[in-house]
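Hello,

Here is the structure we spoke about. Please open it and read the notes below alongside it.

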Amino acid sequence: MSTSTFLREQATRRAFVRKSVSAFMPGEQVEDALRAAAALAPQGINSILTRLGEGVTRLDEAERVTEHYLDVLDKVRAAGLDAQISVKPTQLGLDLDPAQCQRNLDRICEKAGTLGNVPVWIDMENSPYVDPTLTLFRTAKERYPGVGLAIQAYLYRTAKDIESLIPLGAAVRMVKGAYLEPADVAYPRKSDVDENFYTMCCRLMAPDAQKAGTLLHIATHDVALADRLIAYIDQHHVPPSAYEFAMLYGIQRGQQQRLARAGRPIRVLISYGEYWYPWYMRRLAERPANVAFVLKNLFGR
Ligand SMILES: Cc1cc2nc3c(=O)[nH]c(=O)nc-3n(C[C@H](O)[C@H](O)[C@H](O)COP(=O)(O)OP(=O)(O)OC[C@H]3O[C@@H](n4cnc5c(N)ncnc54)[C@H](O)[C@@H]3O)c2cc1C
């Protein structure tokens, strides 16, 4: 559904869909995201900002996205917020020209460096992009230590990728994975994905994995998994500087506040932008009851 043009046209016109999107997204403009970040900050919840969009089809669009993020970094600084940014490689032109995509990423990282080493996260897209995204990350990391990378627990290859990232002192955002992947690439069973998530997080928090620049983002709304990892953190005295919980704006707000109140480092990823349809569909797919609700409203009762 996330790739259907028909459904996208239907959905983006329907008021009820736009209303439902607003639960996950404070607005389409970066100013909306900054306002949301400022409202979360007093609760002890910091943020990560990301402009929705993927697979740009022209290099000048990728250039505009790059300029946009340079401007966002200035805005974050002016607002005095502890906010990081997260970018999608195909939004920076990876499909069109990997070398130009790298230059775009480097420009963003360089600017983030001049503004107090603001961390820049690279999202992980579907499996054909994993190798080129790792290359982007490794090249950026040589020049800018504050760059981090999302890694997906559903992929069989992830344990090997993590071992290759540990010696670099990488910042890793561990996620379960949001795309529909074939069974020869990703664990089909959710319980295997959950277990791999736990194992990979523990591996990244192990003493021999701690280096300058190492940081683990535990990016999940799964409360049971978070509790298991908290038990591991406490038992092994993992310092709060080594990890942060990361969740999506609007999802499991109670858990976000509970973690903040318990003094756990927590950040919320706030999305904004006009190109929200595929992203919204992935959020719905994470909770099938929502899909049934949307279909019922689209095609009548
Ligand atoms: C900060 C952050 C960054 C991310 N970056 C990436 C990335 O770069 N690449 C990538 O592939 N994926 C990314 N994801 C998405 C991730 O891969 C999962 O698809 C998503 O987080 C759902 O998995 P879960 O770990 O929350 O666990 P699940 O087992 O899917 O969910 C656990 C519980 O959380 C609640 N929940 C989860 N999702 C929703 C929802 N949409 N609506 C309502 N309730 C929900 C439900 O109660 C569910 O039972 C990111 C997620 C986060 C939090």
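**Helix packing and aromatic pairs**

H7 and H8 run roughly parallel to each other, because the angle between them falls under 35 degrees. Their axes come within 11 Å and cross at roughly 10°. On the H7 side, the contact is made by Thr 158, Ala 159, Ile 162 and Glu 163. On the H8 side, Asn 196, Met 200, Arg 203 and Leu 204 meet them. Sorted by class, the H7 and H8 contact holds 4 nonpolar, 2 polar and 2 charged residues.

Please keep in mind that this is a predicted model.

**The chain overall**

The chain has 301 residues, and 54% of them count as buried. It contains 12 helices and 8 strands. Take the contacts in the chain with a separation of 6 or more: 75% of them are between residues 24 or more positions apart.

**H6 against H7**

H7 (158-165) also packs against H6, which spans residues 130-143. The angle here is about 10°, and the axes are 13 Å apart. H6 and H7 are therefore roughly parallel to each other. From H6, the contact residues are Val 130, Leu 134, Phe 137 and Arg 138. From H7, they are Asp 161, Ser 164 and Leu 165. The classes in this contact of H6 with H7 are 4 nonpolar, 1 polar and 2 charged.

**H8 against H9**

H8 covers residues 190-205 and H9 covers residues 223-235. These two helices pack at an angle of about 25°, with axes 11 Å apart. That makes H8 roughly parallel to H9. The crossing of H8 past H9 is right-handed. H8 contributes Asp 194, Glu 195, Phe 197, Tyr 198, Cys 201, Cys 202 and Met 205. H9 answers with Leu 225, Arg 228, Leu 229, Tyr 232 and Ile 233. By class, the contact of H8 with H9 has 9 nonpolar and 3 charged residues, with no polar ones.

**Aromatic pairs**

How many aromatic pairs does a search of the whole structure find? There are 2.

One is Tyr 156 with Tyr 187. The ring centres are 4.8 Å apart and the planes stand at 75°, an edge-to-face arrangement. Tyr 156 sits in the loop between strand E4 (147-152) and helix H7. Tyr 187 sits in the loop between strand E5 (171-175) and H8. The pair therefore ties together parts that are 31 residues apart in sequence.

Tyr 243 is buried, at 2% relative accessibility. Phe 245 is buried as well, at 1%.

**Where to look**

Then follow H8 across to H9, where Tyr 198 is among the H8 residues in contact.

Best wishes

Note on methods: Residues numbered from 1 in each chain as written. Predicted model: local features only at pLDDT ≥ 70, side-chain atom pairs only at ≥ 80, totals over all residues. Heavy atoms only, no water. Axes fitted to C-alpha atoms, helices over the stretch in contact; angles between N-to-C directions. Helix = DSSP H or I, 4+ residues; strand = E, 2+ residues; numbered from the N terminus. Parallel < 35°, antiparallel > 145°, perpendicular 65-115°, else oblique. Left-handed = near helix turned anticlockwise from the far one by under 90°. Contact = heavy atoms within 4.5 Å. Nonpolar A, V, L, I, M, F, W, Y, C, P; charged D, E, K, R; others polar. Phe/Tyr/Trp six-rings, centres within 6.5 Å; stacked < 30°, edge-to-face > 60°. Buried < 20%, exposed > 50% of the residue type's maximum accessible area, 1.4 Å probe, protein only.
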